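My plan is to look up a few things in turn and to write each one down with the rule behind it.

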Amino acid sequence: MLFPPNPFKPTAGVMPPVLIGRESVSMDFREGLEDGPGAPDRLMLITGPRGSGKTVMLTELGLIAKTHHWEVIDETASNGLCDRLISRIAPEPGRIAGLTIKPSAMGASLGELSIAPALRPSTLRDAMTSRLKTLGKGKGLLITIDETQDASMEDMTAIATAAQHMLRDNAEVAFVFAGLPSLVSDLLNAKVLTFLRHSSIKQLGDVPLDDVRHALSTSIRGAGVTISDDALTLATESTGGYPYMIQLVGYHVWRHARRREKATPSANGNVILIDDVRAGVEQAQAKLGEGVCAPVVNQLSERAVDYLRAMAQDDGPSSTSVVASRMGESMDYANIYRQRLLDKHIIAAPARGRVDFAIPFLREYLRATEPTVSRS
Ligand SMILES: Nc1ncnc2c1ncn2[C@@H]1O[C@H](COP(=O)(O)OP(=O)(O)OP(=O)(O)O)[C@@H](O)[C@H]1O
Ligand SMILES: [Mg+2]
């Protein structure tokens, strides 16, 4: 019997077979649309570490908006964000006040929109207002911005100012910003953006393991593949509830089982064995290390990595004084690295004098890549 195609999607931004543990965010957003102007969840800020499912969440909220017959404009922060938004929102970009058309470097005839910074907030508002007029009654406009931590202060100021006016005027609009956890402190500390402090903040954390187990079981058993409860438990626990890891584990376990079944088919139909889970989890961990942890560690100085390795000796939060002594340094010296790592959101300070990893599976990655100590 042919093993069914792999349902898991360990690819950034790609919708998983089951969106696990995010019902409350979807529900809040749906209610925000239904409750009408003034509903708090029409201005949302989604934060979470890499691979926690921010992009996928924006897609999901966009789908919800579309089922309510709203129009959705998705953008990702990078140079020219606000101008891009304006040209996509305006029903007739040619008639926007205050615009100039930059001949594009490629010499394309359309050119790209460029608006004087001071005019951006009002131009964006005008664009939204004209667009809303083209929509039927009760229909609205959702704007989602991904990777918001990369937006320039100028663009964010323009967008926040325009959003504030539109929401205050009870227009049928909603805004969802998504970005890394540093976003909250960076943006909200800027005076011009105090308005965004009133947004409904959704922190995408780990997904409860019961939900993971249920979703894995649905995806596997629902496809007619057998898996024992023990194997399912092992697969579930190895994800730590981290969304990207759920897809990686599912994908590699499935692939291992499919290849094994192809070589030596089981007598009673397709099955995922506990050995498939063990091998798949190992492959998933390696992929996670390469894809998420290595890029983080490789950009750090040697001593900063030493700080992390000193922390990785503990199974949970570490004491800052113990970390300093493991590094063989004074507290003052170690604190320099503690602060740098905190600023980069690689570690967190759960309590006074304690530090813990803020990136899922970084501890495991550091342990697995521990350089071999040469003994003299
Ligand atoms: N709720 C979820 N349940 C199951 N899988 C999920 C969930 N959310 C995301 N995923 C999966 O996790 C992976 C990462 O998702 P996504 O790209 O949305 O994360 P992200 O937070 O945007 O990451 P980055 O910060 O790197 O952009 C994808 O493979 C996606 O299918
Ligand atoms: Mg993303």
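I then searched for disulfides, taken as pairs of cysteine sulfur atoms within 2.5 Å, and the count came to zero.

Before going on, I wrote down that this is a predicted model, in which local features need pLDDT of at least 70 and side-chain atom pairs count only at pLDDT 80 or more, while totals for chains, interfaces and linings use all residues. Residues are numbered from 1 along each chain as its sequence is written, chains are lettered from A and ligands numbered from 1 in the order in which they are written, and side-chain values use heavy atoms, with hydrogens and water left out.

Which residues come nearest to ligand 1? Of the 23 residues around it, I found Lys9, Gly13, Val14, Arg50 and Lys54 to come nearest, a residue being near if one of its heavy atoms lies within 4 Å. A backbone N or O atom of Lys9 lies 2.6 Å from an oxygen atom of the ligand, and a backbone N or O atom of Val14 is likewise 2.6 Å from a ligand oxygen. For Gly51, the distance from a backbone N or O atom to an oxygen atom of ligand 1 is 2.9 Å. The protein covers 95% of the 640 Å² of accessible area that ligand 1 has on its own, by the Shrake-Rupley method with a 1.4 Å probe.

Next I asked where the shell comes from, and found at least three residues from each of domain 1 (23-203) and domain 2 (209-296), with bounds from an automatic or database domain assignment. That assignment also gives domain 3 (300-368), and the C-alpha centres of domain 1 and domain 3 lie 36 Å apart.

His345, with a phi of about 60°, lies in the loop between helix 13 (331-343) and strand 11 (347-348), helices (H or I, at least four residues) and strands (E, at least two) being DSSP runs numbered from the N terminus. Phe361, with a phi of about 70°, sits in the loop between strand 12 (354-357) and helix 14 (362-368). His345 is partly exposed at 29% relative accessible area, whereas Phe361 counts as buried at 15%.

Definitions and conventions. Polar contact = N/O pair within 3.5 Å; in protein donor to acceptor, adjacent residues only side chain to side chain. Buried < 20%, exposed > 50% of the residue type's maximum accessible area, 1.4 Å probe, protein only.
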